[in-house]
Amino acid sequence: MISKTHKQLMDRLLKRKKELLTDETALGLGKLTETELARGDQLDMAGSATEHEMSMTMRHRVTEELKLIDEAIEKLHNGTYGTCDNCEENIESKRLKARPFVKYCLECQEEMENEGEGQKTADSGNPDKFI
């Protein structure tokens, strides 16, 4: 039997997924083709290229969030929801309420971000390192 809390979480996750899928569809409609990018003067092309890049970035973010939501739903089904993927401790409930699809507790998240910043500085000669 699914608890009321799990049902509420599932409802929130599915609602957010639906919102993102709607947004992704809208983002897909704004795709620019190479031909469209080639039209117009240089200022038009620069503006179009910037819009295209922003659209691609947004699509990437939406795709990543959808992936996290699917993982959270799977964790709800297998009973591991709310457990940090790194240290296997419980993720704080207020963190889960704010972002119900987080994978890490705050301590592990901050640790990974700090390590990433140190790595980023060390690899500053290679900007594609984190892509």
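At 15% relative accessibility, K75 counts as buried, where buried means under 20% relative accessible area, exposed over 50% and partly exposed in between, with a 1.4 Å probe and protein chains only. K75 is placed in helix α3; helices (H or I, at least four residues) and strands (E, at least two) are DSSP runs, numbered from the N terminus. Leaving aside residues up to four places away in sequence, K75 touches T80, Y81, T83, D85 and K103, a contact being heavy atoms within 4.5 Å.

The side chain of K75 also meets that of D85 in a salt bridge of 2.4 Å, N to O. This pair links distant parts of the chain, with K75 in helix α3 and D85 in the loop between α3 and α4, ten residues apart. A salt bridge here is a side-chain nitrogen of Lys or Arg within 4 Å of a carboxyl oxygen of Asp or Glu. D85, at 38% relative accessibility, counts as partly exposed.

## Model and overall layout

The model is predicted: local features need pLDDT of at least 70, side-chain atom pairs count only at pLDDT 80 or more, and totals for chains, interfaces and linings use all residues. Residues are numbered from 1 along each chain as its sequence is written, and side-chain values use heavy atoms, with hydrogens and water left out.

The protein has five helices and zero strands, so that from the N terminus on its elements run α-α-α-α-α. Of the 131 residues in the protein, 22% are buried. Among contacts between residues at least 6 apart in sequence, 47% join residues at least 24 apart.

## Other salt bridges

By the rule above, the count of salt bridges comes to six. One of them joins K103 and E71, whose closest N and O atoms are 3.4 Å apart. K103 lies in the loop between α4 and α5 and E71 in helix α3, so the pair ties together parts that are 32 residues apart in sequence. Both partners are partly exposed: K103 has a relative accessible area of 21%, and E71 has one of 24%.

In helix α1 (residues 4-29), D11 and K7 are four residues apart, which separates them by about one helical turn. Their side chains meet in a salt bridge of 3.3 Å, N to O. D11 is partly exposed at 40% relative accessibility, and K7 is partly exposed with a relative accessible area of 48%.

## The loop between α3 and α4

T83 is found in the loop between α3 and α4 and is partly exposed, with a relative accessible area of 22%. Not counting residues up to four places away in sequence, T83 touches K75, E88, E89, N90, I91 and K103. T83 and V102 are 19 residues apart in sequence, and their C-alpha atoms are 9.5 Å apart in space.

E88 lies in the loop between α3 (42-78) and α4. E88 is exposed, with a relative accessible area of 63%. Although E88 is not a glycine, it has a positive phi of about 65°.

## R95 in helix α4

R95 is placed in helix α4 (residues 93-98). R95 is buried yet has no salt bridge, and the nearest side chain of opposite charge, E92, is 4.5 Å away. For charge, Lys and Arg count as positive and Asp and Glu as negative, while His and the chain ends are not counted. Beyond residues up to four places away in sequence, R95 touches V102, Y104, C105, L106 and Q109.

## A negative surface patch

E92 also belongs to a negative surface patch, formed with E107, E110, E111, E113, E115 and E117. Patches are made of residues with over 30% relative accessible area and no salt bridge, with like charges joined within 9 Å and nonpolar side chains (Val, Leu, Ile, Met, Phe, Trp, Tyr) within 5 Å. The place of a charge is taken as NZ of Lys, CZ of Arg, CG of Asp or CD of Glu.

One of the patch residues, E113, sits in helix α5 (residues 106-122). E113 is partly exposed, with a relative accessible area of 45%.

Definitions and conventions
Accessible areas come from the Shrake-Rupley method with a 1.4 Å probe; for residues, only the protein chains shown count as cover.
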